[in-house]
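Reader: Hello! Could you show me how to read a few features of a protein model?
Author: Gladly; let us look at it together.

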Amino acid sequence: MTATTQLAVQWHDVCGLDDLVNNSGVCALIGEQQIAIFSLTIKGEQQIYAIRNWDPVGKANVLYRGLLGSIGDEIVVASPLYKEHYSLVTGRCLERDDVSVLAYKVKRDGDRIFVAVE
């Protein structure tokens, strides 16, 4: 029999809905971790995504400044440094298999935005 350890998800109140800029990103600090939070209008609905702000190729906290778009059905942010595209859903880098960023669960409660960190 093996024991498994399950990490508890902790929701962090990071900002108000009014703090977000539509079709752009902002940066929030949870502990010592920078989180890039993006608000996009897709088919008339506001969608909110959160990924780690650290660009693993450019080695800088800059992803919240990246350009938003899509490649196929994948919603992405393009790093402002070397232009790699990171999925806002999974954190996967579309151009490279050897890098990715953490993607976080996001929920909205009234006018507050919460990000889940394990």
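Author: One definition to start: strands are DSSP runs of at least two residues, numbered from the N terminus. Keep in mind, too, that this model is predicted.

Reader: Where is Glu 84 found?
Author: Look at the loop that joins strand E8 (74-78) to strand E9 (85-87); Glu 84 is found there.

Reader: Is Glu 84 buried or exposed?
Author: Buried means under 20% relative accessible area. Glu 84 is buried, yet has no salt bridge. Its nearest side chain of opposite charge belongs to Arg 96, 4.6 Å away, whereas a salt bridge needs a nitrogen within 4 Å of a carboxyl oxygen.

Reader: Which residues does Glu 84 touch?
Author: Leaving out residues up to four places away in sequence, Glu 84 touches Val 57, Val 77, Ala 78, Ser 79, Cys 93, Glu 95 and Arg 96.

Reader: Now for Gly 69: why does Gly 69 count as partly exposed?
Author: Partly exposed lies between the buried limit of 20% and the exposed limit of 50%. Gly 69 is partly exposed because its relative accessible area is 31%. You will find Gly 69 in strand E7 (residues 67-71), and among its contacts beyond four places in sequence is Ile 75.

Reader: Which residues form a negative surface patch?
Author: Asp 18, Asp 19, Asp 109 and Asp 111 form that patch. One of them, Asp 19, sits in the loop between strand E1 (10-16) and strand E2 (24-30). With 48% relative accessibility, Asp 19 counts as partly exposed.

Notes: Residues are numbered from 1 along each chain as its sequence is written. This is a predicted model: local features need pLDDT of at least 70, side-chain atom pairs count only at pLDDT 80 or more; totals for chains, interfaces and linings use all residues. Side-chain values use heavy atoms; hydrogens and water are left out. Patches are made of residues with over 30% relative accessible area and no salt bridge: like charges are joined within 9 Å, nonpolar side chains (Val, Leu, Ile, Met, Phe, Trp, Tyr) within 5 Å. Accessible areas come from the Shrake-Rupley method with a 1.4 Å probe; for residues, only the protein chains shown count as cover. Lys and Arg count as positive and Asp and Glu as negative; His and the chain ends are not counted. The place of a charge is taken as NZ of Lys, CZ of Arg, CG of Asp or CD of Glu. Helices (H or I, at least four residues) and strands (E, at least two) are DSSP runs, numbered from the N terminus. Buried means under 20% relative accessible area, exposed over 50%, partly exposed in between (1.4 Å probe, protein chains only). Contact means heavy atoms within 4.5 Å.
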